Amino acid sequence: SLKYLDTSNVKSLESMFENCSSLVDLSPLSGWDTSNVISMFNMFNRCNNLIAVPNLDTSKVTQMIGMFSGCNKLTNIPNFDLSSAINMMNTFGVCSNLTSIPNFNLVNVTDMSGTFRSCSNLTSIPELSLPKVERMDGTFDQCRNLTTIPNLNTPNLKIMSNTFTYCYSLVNAPNFNTTQVNTMRYLFCYCTNLSSVLLGDN
């Protein structure tokens, strides 16, 4: 049984369950020792029947690209320790039934491209401190039910293209620090209910 695998020396779990479309519940794997894992790139990518994931030790994980991308039956995820995470590109992309996001520690993340893209049932997110984030292109693209976004600490943000594209329900845009931003292409494209925008220094 996978439950009894010794993973104590494993450094990479890249694509371990990618495209395992019949997997439903992996919560029994919460006993795995993943304290040395650095990469979980695409680990559960396109596990489109998965409804529960284990609360793994992610304290050393730096790469979370596409980790849950396409897991469109997930409604919630554990409050992982993401204090070492650097790249979260498409981590939760197309998790279309995800309704909430824990208040993650994202202080070392630099890339959030498409992190929540097409999370169409997400209505809000917690306040996040993103002091090192440089890329937020498509971060909330097609989050069609997202109504509010809190002010985010983004002093090093450089790329904001398509960040809120197709966020039809968004009424107010948060106050980003945009002093380093060099592109805002399609930033609020098709945000048809947007009535207030506050962009500038936090």
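## Charged pairs

Lys158 is partly exposed at 27% relative accessibility; that label covers everything between buried (under 20% relative accessible area) and exposed (over 50%), using a 1.4 Å probe and protein chains only. Lys158 pairs up with Glu134 in a salt bridge, at 4.0 Å from N to O. Both partners sit in the segment before E1, so this pair ties together parts 24 residues apart in sequence. Glu134 is partly exposed too, at 36%.

In total, the structure has 4 salt bridges, each being a side-chain nitrogen of Lys or Arg within 4 Å of a carboxyl oxygen of Asp or Glu. Another one joins Arg117 and Asp141 at 3.2 Å, N to O. Here Asp141 is buried at 9%, while Arg117 is partly exposed at 26%. Then there's Arg135 with Asp137, whose closest N and O atoms are 2.6 Å apart. Asp137 is buried at 14%, and Arg135 is partly exposed at 34%.

## A negative patch

Which residues gather in a patch of negative charge on the surface? They're Asp6, Asp33, Asp57 and Asp81. Patch members have over 30% relative accessible area and no salt bridge, with like charges joined within 9 Å. Asp33 is partly exposed at 35%.

## About the model

This is a predicted model: local features need pLDDT of at least 70, side-chain atom pairs count only at pLDDT 80 or more, and totals for chains, interfaces and linings use all residues. Residues are numbered from 1 along each chain as its sequence is written, and side-chain values use heavy atoms, leaving out hydrogens and water.

Conventions. Patches are made of residues with over 30% relative accessible area and no salt bridge: like charges are joined within 9 Å, nonpolar side chains (Val, Leu, Ile, Met, Phe, Trp, Tyr) within 5 Å. Accessible areas come from the Shrake-Rupley method with a 1.4 Å probe; for residues, only the protein chains shown count as cover. Lys and Arg count as positive and Asp and Glu as negative; His and the chain ends are not counted. The place of a charge is taken as NZ of Lys, CZ of Arg, CG of Asp or CD of Glu. Helices (H or I, at least four residues) and strands (E, at least two) are DSSP runs, numbered from the N terminus.
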